[in-house]
Amino acid sequence: MAARGGESCESGLCPQPQALEGISYAHKIEKHEASIDWSQTAVVIARRIRAFQPFPIASSTLGGEVIKLHQAQVLLQAAPLVSSPGQVLAASAAGVDIATG
């Protein structure tokens, strides 16, 4: 960088000092924060699954086993009235449908 000198400003990208006021520290995301709460809405869950990619990967438990969730898509169909959040409604090669809150 020092060898280039003023070249960086020629492209319109000039280094600027960071303001010392208004900054905050963001703590490292821990694995336990990526656990999915199925009582949340499908939209919130889908966003959380996207947010935890590539680390720490959203997760849940199924039959006592931890499963990792890499993708989610909100379905517009309503879940059956007898379903509860986290209940598996359907499973196929295309994916798994899970009831949410």
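Which residues is S59 in contact with, leaving aside its neighbours within four places in sequence? The residues in contact with S59 are A34, S35, I36, V66, I67, K68 and L69, where contact means heavy atoms within 4.5 Å. The model is predicted, so that local features need pLDDT of at least 70 and side-chain atom pairs count only at pLDDT 80 or more, while totals for chains, interfaces and linings use all residues. Residues are numbered from 1 along each chain as its sequence is written, and side-chain values use heavy atoms, with hydrogens and water left out.

- S59 is found in strand β1, and helices (H or I, at least four residues) and strands (E, at least two) are DSSP runs, numbered from the N terminus.
- With a relative accessibility of 16%, S59 counts as buried, because buried means under 20% relative accessible area, exposed over 50%, and partly exposed in between, with a 1.4 Å probe and protein chains only.
- The largest nonpolar core has eight residues, namely A34, I36, W38, I45, I49, F52, A58 and L69; such a core is a set of buried Ala, Val, Leu, Ile, Met, Phe, Trp, Tyr and Cys residues joined through side-chain atoms within 4.5 Å.
- Not counting residues up to four places away in sequence, I49 touches I36, A58, L69, H70, Q71 and A72.

**The loop between α2 and β1**

- A cis peptide bond with omega of about 0° joins Q53 and P54, and P54 is found in the loop between α2 and β1.
- Another cis peptide bond, with omega of about 5°, joins F55 and P56, and the place of P56 is also in the loop between α2 and β1.
- I57 lies in the loop between α2 and β1 and has a phi near 75°, a positive value in a residue other than glycine.
- Most residues other than glycine have a negative phi, and most peptide bonds are trans.
- I57 counts as buried, at 13% relative accessibility.

**The loop between β2 and β3**

- Q71 has its place in the loop between β2 and β3, and Q71 is exposed, with a relative accessible area of 73%.
- Although Q71 and G95 are 24 residues apart along the chain, their C-alpha atoms are separated by 9.6 Å.
- Q73 is also in the loop between β2 and β3, where Q73 is exposed with a relative accessible area of 69%.
- From C-alpha to C-alpha, Q73 and S92 are 14 Å apart in space, and they are 19 residues apart in sequence.

**Strands β3 and β4**

- β3 and β4 pair in the antiparallel sense over four bridges, given that two strands pair if DSSP finds at least two bridges between them.
- A hairpin joins β3 to β4 through two residues, and the bridge partner of V88 is I98 in β4.

**The largest pocket**

- The largest pocket has a volume of about 830 Å³.
- Of the 27 residues that line the largest pocket, the closest to its centre are W38, Q73, V96, D97 and I98.
- On a 1 Å grid over the protein atoms alone, a pocket is an open set of points where a 1.4 Å probe fits, with protein on both sides within 12 Å along at least five of seven lines, and lining residues have an atom within 4 Å of a point.
- At least two lining residues of the largest pocket come from each of α2 (42-51), β1 (58-62), β2 (65-69), β3 (88-92) and β4 (95-98).

Notes: Points joined across faces, edges and corners; volume = space filled by probe spheres on them.
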